[in-house]
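Hi everyone, thanks for coming.

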Amino acid sequence: WFFLTPALTTSGSYHLHENCFLVPLLLWLIYANISQWKWRLGLITLLALMIKEDAFIYVVSIGLYFLLQKRFVQTKTSTFTIVITQLIAPVIYFGLCLIILSRFGEGAMVSRFDNFLLEGQEGLSKVLENIFLNPTYTFASFFTQAKLKYVFILFLTQAFLPLLQKEWANYLLLIPLFVINLLSDWIYQVDFGFQYSYGSNILSLFLSILSLEALWQYYQSKDNLIIASKRILSWIGIACVLSAGVLYAHINNWNQNMRSYFNDSKRFDDIHYTLSTIARDKSVLAFHSYTVALRSVPELYDIFY
């Protein structure tokens with residue numbers, strides 16, 4: 001089921017991205033909380049935060065879940081550890097990231113949230129201000145066609161199990177889905193072929209597992225173990241079939257680049273030859289598909305950057 005889940009398989013079809021590390025690290029973070037680790041939990045939290053600045057959203061979401069849920073018993077010590085490592089530390093880390101990005105870079109990447117900036121406004125503070133002061137617009141922004149399609153396909157491939165939760169606290173794990181994928185109007189945030197699905201989708205898969213556990217307990221109370229097992233396997237089987245269908249729709253054209261080359265290899269060879277004749281001592285502006293072939297040019301510019 002994990003390998004058939006489209007969001008976890010197709011997200012690497014664009015290129016290898018640091019977000020792929022969210023999958024193992026968030027699973028390890030969940031396991032560390034369940035096991036009530038201390039210094040190892042802190043280490044895993046640090047590694048998760050180091051992926052990129054917005055990784056703090058995933059960590060805080062998991063922290064809030066373990067702080068408020070009743071499924072996994074937490075001692076006072078583990079509760080204190082959660083508050084420090086997964087609530088306070090991530091917020092401080094994010095603040096430090098913003099300071100560093102503002103001082104040594106171009107600041108926070110708020111261009112992904114331009115839909116929350118009025119004319120003449122800029123900066124993350126204005127984005128947050130408009131999100132909270134205009135709740136109707138914020139709520140309406142979740143209901144574009146692309147976003148609804150994305151959410152439907154995501155939950156379809158998991159047989160809608162993430163929505164069948166026994167505890168309200170479980171839904172806190174959906175925070176990254178809303179913040180990272182649905183709040184922005186950046187079209188790639190809701191495209192399974194890009195890297196923005198890794199974190200929110202692995203948390204959604206964990207929600208499915210929690211839902212299966214609750215269903216297992218319910219079926220056990222009503223029927224014998226064999227019938228209960230068959231019903232759980234049916235849920236997983238349905239999810240696998242739906243996942244496989246959606247996955248095939250995404251990957252059945254992955255070899256079209258190779259087919260294009262074999263069908264018209266002379267044209268591509270001519271392009272490579274022409275690029276090789278460009279003087280290397282000149283300043284070159286190129287389309288991004290050509291920049292790899294021109295990588296030996298000292299002064300090379302991508303036309304989109």
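What volume does the second largest pocket have? About 530 Å³. Before I go on, keep in mind that this is a predicted model.

So, who sits around that second largest pocket? Its lining has 13 residues, and Asn257, Phe268, His272, Ser289 and Tyr290 are the ones nearest its centre. Helix H12, residues 256–263, and helix H13, residues 265–276, each put at least two residues into that lining. H13 gives the largest share, with five residues. Sorted by class, you get seven nonpolar, five polar and one charged.

Now the largest pocket. Its volume is about 1300 Å³. Here 41 residues form the lining, and nearest the centre you'll find Asp54, Met109, Arg112, Gln189 and Tyr196. At least two lining residues come from each of these helices: H4 (56–68), H5, H6 (124–133) and H9. The lining splits into 28 nonpolar, seven polar and six charged residues.

While H5 is on the table, find Thr85, which lies in that helix, residues 76–104. Is Thr85 buried or exposed? Its relative accessibility is 14%, and the cut-off for buried is under 20%, so Thr85 counts as buried. What does its side chain reach? The backbone oxygen of Thr81, at 2.7 Å. If we skip the neighbours within four places in sequence, Thr85 also has contacts with Leu41, Gly42, Thr45, Val59 and Pro90.

Next up, helix H11, which covers residues 225–251. Here's a sum you can check on the screen. With 27 residues at 1.5 Å a residue, H11 should span 39 Å, and its end C-alpha atoms are 38 Å apart, so the two agree. Look at where H11 starts, too: a side-chain oxygen of Asn224 comes to within 3.1 Å of the backbone nitrogen of Ile226.

Which residues of H11 are buried? They are Ala228, Ile232, Ala239, Cys240, Ser243, Val246 and Leu247. And what do they pack against? Helix H1 (6–10), helix H8 (145–156) and helix H10 (198–222).

Let's zoom in on one of them, Val246, which is in H11. Its relative accessible area is 13%, so Val246 is buried. Not counting residues up to four places away in sequence, Val246 touches Pro6, Ile153, Leu156 and Thr157. Take Ile153: it is 93 residues from Val246 in sequence, yet their C-alpha atoms are 7.8 Å apart in space.

Last topic: backbone angles. Most residues other than glycine have a negative phi. With that in mind, look at Gln36, which is not a glycine but has a positive phi of about 60 degrees. Where is Gln36? In the loop between helix H2 (22–34) and helix H3 (39–49). Gln36 is partly exposed, with a relative accessible area of 27%.

Phe160 is another one to find: its phi is near 60 degrees, again positive in a residue other than glycine. Phe160 lies in the loop between H8 and helix H9 (175–182). Its relative accessible area is 32%, so Phe160 is partly exposed.

Methods:
Residues numbered from 1 in each chain as written. Predicted model: local features only at pLDDT ≥ 70, side-chain atom pairs only at ≥ 80, totals over all residues. Heavy atoms only, no water. Helix = DSSP H or I, 4+ residues; strand = E, 2+ residues; numbered from the N terminus. Expected span 1.5 Å × (residues − 1). Buried < 20%, exposed > 50% of the residue type's maximum accessible area, 1.4 Å probe, protein only. Contact = heavy atoms within 4.5 Å. Polar contact = N/O pair within 3.5 Å; in protein donor to acceptor, adjacent residues only side chain to side chain. 1 Å grid on protein atoms, 1.4 Å probe; cavity = no way out; pocket = protein on both sides within 12 Å on 5 of 7 lines; lining within 4 Å. Points joined across faces, edges and corners; volume = space filled by probe spheres on them. Nonpolar A, V, L, I, M, F, W, Y, C, P; charged D, E, K, R; others polar.
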